[in-house]
Amino acid sequence: MESNKESNFISAVLYVHDNANQVSEFLPPLYRILNDNFKKFEIICVNDCSKDDSVKVIRDFADTAENAMISIVNMSLYQGIELSMNAGGDLSIGDFVYEFDSLCMDYDENAIMKVYFHSLKGFDIVSAAPKKIRNMTSKLFYQLYNRHSNSSYKLRSEAFRILSRRAINRVHSISKTIPYRKALYANCGLKMDTLLYQAKSLSSRTYSKSVSEKRRSVAGDSLILFTDVAYKISIILSVLLLAFTLASGIYTCVIFFGRQQPVAGWTTTMLLLSGGFSGVFLMQAIVIKYLSVLVDLVFKRQKYLIESINKISK
C-alpha cells in the first residue's frame, strides 16, 4: 500500500559505460525495490560515452516502467567513474542518494533497503561491501591507503552506498575537485558505516580497459593527495642520495690526506660536486615538504568538521 511506503525522496545514480548486459539485468530489480518501498524516487543513469546499446536498453526499460522518473545524463566525452558520478549526484534531488558505481549485483536485493534503514539510525553514509576482497590489486591499494592515511574510517572495496543530503552538501562545501569520492567521504567528518555481505559470485568485478586505466590513475592520485606515501618515498630517496653524496665527500678527503696522490684538481672537483649535490638534495627535501603543505591547504582545506549536534533543553 502507498501509506506503508517511505516518504523520503530517493535518488539512485548509476554509472553506465559499455555495459548494456549489466544494465538490462540491474534496472528491473532496482526499479521494483524502489517502487515497492518509496513513494517518490528517481533513477539517474550517467552514460559515460557508451558505444554499445546501453542507452537503448535504458530507454526501452523506461518505456515499460510505470510511475518512474528515469533520466539519462550523457557525458560529453569519456571522463571516468568519479567525474561521471559527481555529475549524476549534482543533478539528484533526493533526500537520500544511492551511488551504484558498478551494476554487478552480486548481493541480495534486500541489501539495498538494509543500507537505507541503517542510515536512518544516524549514519550519513552507509556502504555495502563484500566480506572478502578478491581483486589483489584493490586489496593492496586499500592496505596501503589505510596504513598511511589519517582517516578514522578505513576504506575497502564496496558494491554501492547511500548518502544523506547532509553528506552531499558537506562534501560539496569541502571541495568539488577531489578525484576520489570515497576518500573525501571518509574525511568529511560525518558518521559512516559499512554493511558486509557474502558475495553470490566468486569472481571479482570486471571493468572495461578504459575504466580500469582510469581507476588506476585515480588510485595513484588518491595516494598522493590523501596519504603521505609519496612524501615519505621522496624524503627517503632524498636522504639516501644526500648520504651517498656526503660519503663521496668523505672518501675524497680520505684520498686527499692519504698516501695516494690524486690527479691534480680531482679533490677540489669532487668536494665541489659533493657539496653542491648535498645542497641540491637538501633543498629538494625542503621543496617536497613545502609541496606537501600546499596539497594539504589546497585539496584538503576545510573550516571545521562536526559529526552531530545534540540540543538539550529543559
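**View 1. A salt bridge between R181 and E99 in the predicted model.** In this predicted model, the side chains of R181 and E99 meet in a salt bridge with an N to O distance of 2.7 Å. Because R181 belongs to helix α7 (residues 181-186) while E99 belongs to strand β4, the pair ties together parts that are 82 residues apart in sequence. Both R181 and E99 are buried. Side chains of opposite charge can pair when their charged atoms come close.

View 2. R161 forms a salt bridge with D101, and the closest N and O atoms of the two are 3.6 Å apart. This pair links distant parts of the chain, since R161 is in strand β6 and D101 is in the loop between β4 and α4, 60 residues apart. With a relative accessibility of 3%, R161 counts as buried, and D101, with a relative accessible area of 17%, is buried as well. Through shared partners, salt bridges join E82, E99, D101, E158, R161 and R181 into one network.

**View 3. A salt bridge between E109 and R32.** Among the 9 salt bridges that a search of the whole structure finds is the one in which the side chains of E109 and R32 meet, at 2.8 Å from N to O. E109 lies in the loop between β4 and α4 and R32 lies in helix α1, so the pair ties together parts that are 77 residues apart in sequence. E109 counts as partly exposed at 27% relative accessibility, and R32, with a relative accessible area of 37%, is partly exposed too.

View 4. Strand β4 is mostly covered, with 5 of its 5 residues buried. F96, Y98 and F100 point one way from β4, whereas V97 and E99 point the other way, and all of them are buried. In a regular strand the side chains alternate between the two faces of the sheet. On one flank, β1 and β4 pair in the parallel sense over 5 bridges, and within this pairing Y98 is the bridge partner of A12. The pairing of β4 with β6 is antiparallel and runs over 4 bridges, with R161 in β6 as the bridge partner of E99.

View 5. An open sheet of mixed pairing is formed by 7 strands in the order β3-β2-β1-β4-β6-β5-β7. The edge strands, each of which pairs on one side only, are β3 (69-74) and β7 (192-197). On average, and with direction ignored, neighbouring strands of this sheet are turned by 20° against each other. Strands β1 (residues 10-16) and β2 (residues 41-47) pair in the parallel sense over 7 bridges, and here Y15 stands opposite V46 in β2. Helix α3 (residues 80-91) lies across β1, β2, β3 and β4 (96-100) and runs at about 155° to β1. Helix α6 (residues 165-174) also packs on the sheet, where it touches β4, β5 (125-130) and β6 (160-164), and its direction makes about 85° with that of β6.

**View 6. The nonpolar cores and the surroundings of I43.** The largest nonpolar core holds 37 residues, of which L14, I43, Y98, F100 and F160 touch the most other members. The elements that give two or more residues to this core are β1, α1 (20-37), β2, α2 (54-64), β4, α4 (111-119), β5 and β6, and the largest share, 7 residues, comes from α1. When its neighbours within four places in sequence are left aside, I43 is in contact with A12, L14, L27, L30, Y31, L34, M69, I70 and S71. A second, separate core of 34 residues includes I81, I133, V171 and F226. In soluble globular proteins, nonpolar side chains tend to be buried together.

View 7. The buried residues of α2 are S54, V55, I58 and F61. These residues cover an arc of only 130° around the axis, which puts them on the same side of α2. On the other side of α2, K56, D63 and T64 are exposed. The buried residues of α2 pack against β1, α1, β2 and β3.

**View 8. H148 in helix α5.** H148 lies in helix α5 (residues 136-148). Its relative accessibility is 18%, and because buried means under 20% relative accessible area, H148 counts as buried. Apart from its neighbours within four places in sequence, H148 is in contact with T227, D228, V229 and K232.

Note on methods:
Residues numbered from 1 in each chain as written. Predicted model: local features only at pLDDT ≥ 70, side-chain atom pairs only at ≥ 80, totals over all residues. Heavy atoms only, no water. Pairing = 2+ DSSP bridges. Axes fitted to C-alpha atoms, helices over the stretch in contact; angles between N-to-C directions. Contact = heavy atoms within 4.5 Å. Core = buried A, V, L, I, M, F, W, Y, C linked by side-chain atoms within 4.5 Å. Buried < 20%, exposed > 50% of the residue type's maximum accessible area, 1.4 Å probe, protein only. Arc of directions from axis to C-beta. Salt bridge = Lys/Arg side-chain N within 4 Å of Asp/Glu carboxyl O.
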